[in-house]
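Please look over the sequence and the model shown here. The report after them describes how the chain is put together.

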Amino acid sequence: MPTDYRHNITRVIIVLIIFIIVVSAVTTYFSARKIRSSLVRLIRKDAISLAEIFVAGSSSIYESQVSLINDLRMRLIVYGRMVEQDNCDLRQIPPEMAYSMILDSDGNIVTESGIITPQVSDWISQLDEIIAPLLEGKDRTFFGLDPEFPTATGPVGYARWCADSILIIFSYPPFHKEFGIGYLARQLAETPSVRYIFLQNEYGILIASKAVYRAKPVKSDPFLQNVLSQSEPNTRFTVFQDENVFELAYPFPRMGKFYGVLRIGIPLSEYEELSNVVLWTVLAGCLLALISIGAIIALGSVVNKIVSLRREHEKLVHLRSLGEISASVAHEIRNPLNAIAISLQRLKGEFEPKADSAEYGKIIS
């Protein structure tokens, strides 16, 4: 019975050890996965919120830029008509315009009006490109004032035929370069929680934050193609300038010539820190499991020792019982033997047989 009891204890200890190891491993694994998935959902939620803010801000900026461009285009048309009605007299151009000039049909400057600044000089150096549409047959053309693609760089103005001459009116951009979708992207990418923002379509990058110089074409990236085709945001882990980032690809609604996939990169520094916490949690769980196993082994050793002592105790009790029984039996035997010995001694001393006395004495002895 004690041997069976000891075997049962050993089996219980083994089962407990296996149970603790399995529970610790399963708990740690699913806890790590839960933390990881929760963090990914949190990063995705923040990235989508940022994309929605960017799209809303871009929409407001674009509408304002289009309004300013259309207003300037209308004023330039009016100024051009005034000049034409006054025999191409540049004095009809108000001072708010940057510079104006009359060219002959060969593109040579006939008369000019305004102050030549370094910026104006740069614009004048691009005259050939500006008047090219007129030489190809157009009556008038706007340059730098495309409502479909607002920009605050390059020459801005209006060119048209005025009799046999070409009238060119240069204007300052209707909005500052810091008032644009590209500027908004650069500003948002300055925050520590954003690594990059850029808008990309099948033709290339339209706007981008700093440090973004090139990107894999959309047609060679199935991930981006899927976002464009389904018009649903998607996320992935990727590498940007040798750094692991979490990227959101968000379908950007069409705003003139601005459309495509908005890509936002989120640095994974916080994610890696939390991953380290998870790793330490796993190690702590394993350490706790080992400590528990050690405690169980120690407990099993104590139990085995207790069982051994119990067996020794039972053995001693058994021997003690045998000793008591032996003493009792000896006592019970000794009493009648004493009586017999006394009776024999009396017979030997008080009785003398008449015959065979020698044999009688031998028997009595």
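The sections below go from the whole chain to single residues and pairs.

## Basis of the report

This is a predicted model, in which local features need pLDDT of at least 70 and side-chain atom pairs count only at pLDDT 80 or more, while totals for chains, interfaces and linings use all residues. Residues are numbered from 1 along each chain as its sequence is written, and side-chain values use heavy atoms, with hydrogens and water left out.

## The chain as a whole

The chain has seven helices and ten strands. Helices (H or I, at least four residues) and strands (E, at least two) are DSSP runs, numbered from the N terminus. Of the 365 residues, 33% are buried. Buried means under 20% relative accessible area, exposed means over 50%, and partly exposed lies in between (1.4 Å probe, protein chains only).

The accessible surface of the chain is about 22,900 Å², and carbon and sulfur atoms hold 58% of it. Accessible areas come from the Shrake-Rupley method with a 1.4 Å probe, and for residues only the protein chains shown count as cover. Among contacts with a separation of 6 or more, 58% are between residues 24 or more positions apart. A contact means heavy atoms within 4.5 Å.

## Nonpolar cores

A nonpolar core is a set of buried Ala, Val, Leu, Ile, Met, Phe, Trp, Tyr and Cys residues joined through side-chain atoms within 4.5 Å. The largest one has 29 residues, and the members that touch the most others are Phe54, Ile197, Phe252, Phe258, Leu262 and Ile264. Two or more residues come from each of helix 1 (2-85), helix 4 (181-188), strand 6 (196-201), strand 9 (243-255) and strand 10 (258-267). Helix 1 gives the most, with eleven residues. Apart from this core lies another, of 19 residues, including Tyr79, Ile93, Ile102 and Ile169.

Beyond its neighbours within four places in sequence, phenylalanine 258 has contacts that include Tyr62, Phe149, Ile181, Leu199 and Phe252. Serine 58 is in helix 1 and is buried, at 0% relative accessibility. Not counting residues up to four places away in sequence, serine 58 touches Ile181, Leu184, Phe252 and Met255.

Ile14, Ile18, Val22, Val26, Tyr29 and Phe30 make a nonpolar surface patch of about 570 Å². Patches are made of residues with over 30% relative accessible area and no salt bridge; like charges are joined within 9 Å, and nonpolar side chains (Val, Leu, Ile, Met, Phe, Trp, Tyr) within 5 Å. Isoleucine 18 lies in helix 1 and is partly exposed, with a relative accessible area of 49%.

Glutamate 52 also has its place in helix 1, and this residue is partly exposed at 43%.

## The disulfide

How many disulfides does the structure hold? There is one, where a disulfide is a pair of cysteine sulfur atoms within 2.5 Å. The bond joins cysteine 88 to cysteine 162, with an S to S distance of 1.8 Å. Cysteine 88 is in the loop between helix 1 and strand 1 (99-103), and cysteine 162 is in strand 4 (residues 157-162), 74 residues apart. The torsion about the S-S bond is about -115°, so the disulfide is left-handed. Cysteine 88 is buried at 18%, and cysteine 162 is buried at 1%.

## Salt bridges

A salt bridge is a side-chain nitrogen of Lys or Arg within 4 Å of a carboxyl oxygen of Asp or Glu. The structure holds ten. One of them joins glutamate 84 and arginine 160 (2.7 Å, N to O). This pair links helix 1 to strand 4, 76 residues apart. Glutamate 84 is partly exposed at 35%, whereas arginine 160 is buried at 14%.

Aspartate 146 and lysine 257 also meet in a salt bridge (3.0 Å, N to O). Aspartate 146 lies in the loop between strand 3 (140-143) and strand 4, and lysine 257 in the loop between strand 9 and strand 10, so the pair ties together parts 111 residues apart in sequence.
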